[in-house]
Amino acid sequence: MERQRIGVFVCSCGTNIAHHVDVDAVCESVQGMPDVAIASSYRYMCSNPGQEMIARGIQEHQLTRVVIAACSPRMHEKTFRGACKRGGLNPYLCEMANIREQCSWVHSDRLAATEKAKALTSAAIRRVRHHEPLESLTAEMCPNTLVIGGGIAGLTAALELADAAHDVFLVEKTERLGGNLARVDLTAPHLDSARDLLTERITRVRDNPRIKLLLNSELRNLVGYVGNFSATVRTNGASGAHEEKTVDVGNVIVATGYQEFDAGRVTHYGHGKLPNVVTSFEFERMLRTGRIETRDGRLPQYVAIIHCVGSRNKEFHAYCSRVCCMTALKYSHELKSANPSCYVSDIYVDMHAFGKGCEDFYKTTSEVKTLFLMFDKNERPVIRKAAPSDDCDMLIEVNETLSGERIEIPADMVILMVGMEARSDSGEVARLVNISQDRDGWFMESHPKLDPVATTTDGIYIVGTCAAPKDIPDSVAQARAAAARILGKIAKGKIEIDGVFAEVQDERCSGCRMCNELCPYSAIEFNLDTRRSHVIPAACKACGACVAACPSGAIKGRHFTVEQLHAQIEGVLL
Amino acid sequence: MSFEPKIVGFLCNWCSYTGADLAGTSRIQYPPNLRVVRVMCSARIEPTFVLRALAGGADGVLICGCHPGDCHYSEGNYKAMRRFPLLKRLLKDHGVDNDRVRLEWVSASEGQRFADIVTDMTERVRALGPLRIKSDLQTDLVER
Amino acid sequence: MAIRVNPKLIDELATYGAADVQNCYHCGNCSAVCAHSDDTFVFPRKPMRLLQMGLEKRIEASLDPWLCYYCGQCSTQCPRGAEPGETMMSLRRWLTSRYDFTGISRLFYVSWKAEVGALVLVAVLTCVGFLTYGFLNGNIAHYDGPTAFLPSSVVHVFDWVMAVALSLLLLINAGRMWWFTTVKNPRIRPRLASYLKALYLLPLQFLTQKEYARCESRRPWAIHLSLMLSYVTMLILIMFFLKQIQEGPAIAWPFHAFGYVATAGLLFGVIHAMRGRIARKEPHLKHSHESDWIFLVMLLVVTLTGVVQHVLHRSGLELAANIAYVVHLSLVVPMLMLEVPFGKWSHLAYRPLAAFLAAIHRDALVSQRTSTANGEPGSTSRALAAA
């Protein structure tokens, strides 16, 4: 192996590291190691003078490798790579030893901590010898976007992109646009009509020549990587015939929405058996037709609304569906305005009124004399038929938390606030676009707080209720956010691909194709002509699963090579 | 002087390494016997890494990944999980106690859990004493 | 056993003045700020809850509304504008109507017209009665002496007859209060000893209204106490010393001195309350039910006609004094006959009785709790529920 000139820079981090680690002793211990040209310490390596010191050191000592013993690489690796670049060194020729988060901050024995810091630093020195200069790659960005789902989120995303003069393929499974929102009458908390909200969107989508609307259609296949996807969409014709077509897109927005919880699963609520126990969506239909009446055509005097049906319950879904509380309040208003002499009991677990204007809405619902009755989420109201002598059809028995009383509530109609759940076909969608689902089936975002619309697969975005239950404003905001992310990438024209990825060394590959199946990103293709596999750098996320699995050791995981890791293992054991 | 074991840790970048960093930022103390090697995903860990560590003088090896279902790369941790029993059986045949090689799930938010695991592992390995079959391993297994 | 919710009760209570109870979302601020609410009697939150849910039997069995003296702190602190203070006031009105076995009270609270009508009717009857007696047995120009239009001995007998009748009515209603809250209440098993032990509370609370003084502001208590003591002084003078204060024309200072002070106290109290209800600045005077106004107006005109009658008599204008006297009596009689057993005035019995019963409840709960703790068989769950 060729001789290297390695510069070691040890950071004191004020006293953060120096308090428990003898920084000078670390410098001294590595000074004599082979190839180490210089070893010096500084108070704050990440400061401007610290970075300057590294850049200058590279030039003055003709360093070919740099080791920085400081904080976690998750904190400042980018900073120090930048410093190396300014010093004229390829940024990947730098390695960090984490002697703060995983050493000085967790050990109070100064001697032992110093020994550990020495070991970590020497391991980094051994590793960095095997580093190779890496360059990032670029690829073309196709400006077309595929939007899956024609609900409020999909419509909004499509419009946002098309308004910026880019082509959009909007794929909707059913024969009409609007999604679940099209089944709703008014919306909480301002009692705007859902129909009005949707009509505007749908008309604009239909009128926009940039949007290719594909109704009765499904995504069948998606291959490629960010900027260069190829999507196969199947459209079902009226007579059972179907046609498939393949389109090129740079990004995909998944807006497939949710499905309602099947109220029949909570057997003791008697949905499907008791005639006047209806789900929220069945009640929405009554509202939209303007006929709120029992099965036998009477005006209900007592209406009871039961919250959290299928939600916040270990047996069904542990999560909160977020929109049902405000929807229930909306029903109170609609019921009272349709029939002021009707009594509404709102049987809830907790009132989640978190959105803008929702707390006021809760208050105005109280003011119209809605009787709020609270029960424990581990308990369930029981519905039974009332006696003929009662002035109501049904009685709901429950332990009321706020009064501590066991009560029975009269009802002529019971509305079950069914929660949202991941669509039954969400697993299929996740597999097609290569994203993951959480344990409830919702699509997983790249980061729940900082990157809520991107996924771990570049170029695939999730918006609206396919990612988690949410209300209309949040869904619309996400749709616009995803569109903005895509527009930003389209504006750049090209995509930059990190230099760290896996590569197949042709001469070693036996063509067994084991890696093809293993790759979570389908980034490894098999070339039928050469009978060899090869990695698409833009699609590779450098997890290294294929590297570890290749039986012939033919795949090199750049920046995490066998040699680099072996050297590091030996180093930490010194 | 009492025996101080050397333990090599392989931590995935997204969950466990971040969890270990969190233990640091939270100043949760644990024994200094663990030396960490960062990999992007627990699926990257080759069995030879573990053997190399044991042969090179480690008394124990700790592998940490994301909890099942939380993998940054969808299911890399499942791949690690499937490899692990085979490795353990192989090591057992060579007289390496099962307590010396451990696979644990640590999320980015579980600094305390990480520290607890390291503390527990260090105590167990310390109780087992130094690993004595290093020469065997070196000759038989490490050459690849 | 589950008890039936009655969503309609809240509408019924609206006619008694509880217009905003539906706004309450049970944060508990009201109970936290209340000087009287404690672990045993949690109010206003709890009665507000019972009212929202329409649990009539529970409210009937509750002493809570009577332990509230309406300082209004709860209403000031309420984040939802649910007016807990006024709700408690309305509950007292509703309970008064429940305790009253005749149903008259309910009629008056629900319809002020009925109340006014009844007052007018009794006034007319009284007027006719006294005029008939006067013209048959005396001379309208004579106030004193054997030919007096309305001799004090006759009025004295009349007073006592009325006092006995009213006391009986009030006693029956108070008995019903005891029955609902203590005997029929499944959560309370009172001990006889407790009754004896707490007996002193009845006169003490009646005369000092000590509990009222525990409210954050003591001013309303002081004013109420002066009004009430004035009234009691008047009552004693009329019931026992009618002859001395009635006969003239000389002023019997040892008796009249008390009368003047009491009259001043009554006027001051009534005028203060009226001004407060018009200004609507203080929380407890913000909301006025029709019955509140009827009560105040009656008290004012009764006092004023009493003053006029007295002045005319002492000035020697006997004819005018007699007319004023008849007017005065025609106002006093309906006021007492309708307000004492059926109206606002009944609280003179219910308040001290509630304080007395509350002490008994407290005692019972403590002994029930200890017996449960000692593993005594019995209704453990009941005692716990009550706790």
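Begin by selecting chains A and B: their contact draws 36 residues from chain A and 36 residues from chain B, two residues being in contact if their C-beta atoms, placed from the backbone, lie within 7 Å. This is a predicted model, in which local features need pLDDT of at least 70 and side-chain atom pairs count only at pLDDT 80 or more, while totals for chains, interfaces and linings use all residues. Residues are numbered from 1 along each chain as its sequence is written, and chains are lettered from A and ligands numbered from 1 in the order in which they are written.

On the side of chain A that touches chain B, highlight α4 (100–104), α5 (110–128), α14 (545–549) and α15 (562–572) of chain A, each of which supplies at least two residues. Helices (H or I, at least four residues) and strands (E, at least two) are DSSP runs, numbered from the N terminus. The largest share of this side, six residues, belongs to α15(A).

Next, select the open sheet of four strands, ordered β20(A)-β21(A)-β22(A)-β1(C), with mixed pairing; strands pair if DSSP finds at least two bridges between them. At its edges are β20 (382–385) of chain A and β1 (3–4) of chain C. β20(A) runs antiparallel to β21 (residues 394–400) of chain A, joined by four bridges. Zoom in on Val382(A), which stands opposite Glu397(A) in β21(A).

Finally, colour chain C by domain: domain 1 (1–99) and domain 2 (104–352), with bounds from an automatic or database domain assignment. Their C-alpha centres lie 28 Å apart. Here 25 residues of domain 1 of chain C are in contact with 28 residues of domain 2 of chain C.
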